[in-house]
Amino acid sequence: MPNETREIAIDVSHLTKKYKLYAHNRDRVIDALGLSRRPHYSLHLALDNVSLSVFKGETVGIIGTNGSGKSTILKIITGVLTQTEGTVHVNGRISALLELGAGFNMEYNGIENIYLNGTMNGFSGKEIDEKLPKILEFADIGEYVYQPVKMYSSGMFMRLAFAVAINVDPEILIVDEALSVGDVFFQAKCYRKFEEFRRQGRTVLFVSHDLSSISKYCDRVIVLNQGHKLGEGRPKEMIDLYKQVLVGQYDPERNGEAQEGAGTGKDGKALEYGSGKAKIVSYDIIDDKGLSNSTILKGSVCTIRMKVDFSEDVTAPIFAFTIRNKYGVEITGTNTMFEKAFLDSVHKGESKIISFTQRVDLQGGEYLISLGVTGYEKEDFTVYHRLYDVCRMTVVSDKNTVGYYDMNSKITIE
């Protein structure tokens, strides 16, 4: 559906947030009392002219490095912080889970905090009575619900907080890294709730460092960096952009554009970046008959091969490949450091051919392969050359099981 015809749930326009940073507490006092004409602080831009829209029924993720402004923008949207400049319009009832303990009284027990939060969200005591069984069932913390929450572990605390947040009938759910403290069973339960919300046409906006969850659950992703919006779009492309930021090789001129791929030209284009000290000049997929072939039978052996030229001396290069599905979820992959292979120095002008050979037990379907040459220079991780989704691999199968790969189970019945 075109965006023009969709109703906006959250509209953020030219949002700026400035903080005053003081070197000493006395400078803060001087500034507050107006005792000096010259400023005793420096300004920090947590957000700089950021605009975005979230449409009703969307699940949108925000990713970025620490200090990029992710939490700040969520707090402004929910009214916890006030922006310095810009406007925010929200169309719908918000339930927010921003940080551990927000909105809870540490001296109250779990039941009392449920009623406290429900009242803050505008519900009557009778309405909270009706919601209480679902909240307790979702939280699943047993008799601890009658203990003061200051005695809870972080996991129990978050289970209760999330249970309250999703059971107050929000039209918009906003979550900031809250799920990272829960165990795997609770996280799975929360993400199932995300799916349920999507089916009900509700809106979810969340911040997470879990890129697999971002890729799987989000319709759209926004990348922030140092208070600026670098881009927004499909999860796969935005995760690739974020990974460039992580290794310090984001190029604004290339943002959103596919780069000319190296190699055999199987798929023509690939997103690439790197320092250039090494370059992947060709690559191929070899089947179990020794032939170049991008179609592989499930259960057979295949080899992923690449040739790398070095234009500078490189100490202990690391060669890697990753297999992702069409949604950008990393399914599997490895590198020579994990496999304890090679890791010798390479000199300028040399070339290396690296072959990864393995049995393919992936389910039948389409996959994309990424290749990389990286290493460490004075303990700093460095990307020499990385090619994302450089070639396609089709796995042909006459038997698919559950999930991404086949465990080749042997069954006996007695």
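Let's begin with helix 6, where Phe186, Lys189, Cys190, Tyr191, Lys193, Phe194 and Phe197 are buried. Please keep in mind that this is a predicted model. The cover over those buried residues includes helix 4 (125-139), helix 5 (154-166), strand 6 (172-176), strand 7 (203-207) and helix 7 (211-217). Helix 6 itself runs over residues 184-199, 16 residues in total, and its first and last C-alpha atoms are 23 Å apart, close to the 22 Å expected at 1.5 Å a residue. Just after helix 6 comes Gly201, with a positive phi of about 80°.

Helix 5, part of that cover, is worth a visit of its own. How many of its 13 residues are buried? The count is 12, so helix 5 is mostly covered. The buried set consists of Gly155, Met156, Phe157, Met158, Arg159, Leu160, Ala161, Phe162, Ala163, Val164, Ala165 and Ile166. These residues pack against strand 5 (94-97), helix 3 (110-120), helix 4, strand 6 and helix 6. The length of helix 5 agrees with expectation, because 13 residues at 1.5 Å each should span 18 Å and the end C-alpha atoms are 18 Å apart.

Now for the pairing of helix 4 with helix 5. Two packed helices are described by the angle between their axes and the distance between the axes. Here the angle is about 140° and the axes of helix 4 and helix 5 are 8 Å apart. Angles over 145 degrees would count as roughly antiparallel, and helix 4 and helix 5 are therefore oblique to each other. The crossing of helix 4 past helix 5 is right-handed. Helix 4 brings Ile135, Phe138 and Ala139 to the contact, while helix 5 brings Arg159, Leu160, Phe162, Ala163, Val164 and Ile166. By type, the residues of this contact are eight nonpolar, one charged and no polar.

Finally, look at two residues that have a positive phi without being glycine: Ala316 and Lys340.

Definitions and conventions. Residues numbered from 1 in each chain as written. Predicted model: local features only at pLDDT ≥ 70, side-chain atom pairs only at ≥ 80, totals over all residues. Heavy atoms only, no water. Helix = DSSP H or I, 4+ residues; strand = E, 2+ residues; numbered from the N terminus. Expected span 1.5 Å × (residues − 1). Buried < 20%, exposed > 50% of the residue type's maximum accessible area, 1.4 Å probe, protein only. Contact = heavy atoms within 4.5 Å. Axes fitted to C-alpha atoms, helices over the stretch in contact; angles between N-to-C directions. Parallel < 35°, antiparallel > 145°, perpendicular 65-115°, else oblique. Left-handed = near helix turned anticlockwise from the far one by under 90°. Nonpolar A, V, L, I, M, F, W, Y, C, P; charged D, E, K, R; others polar.
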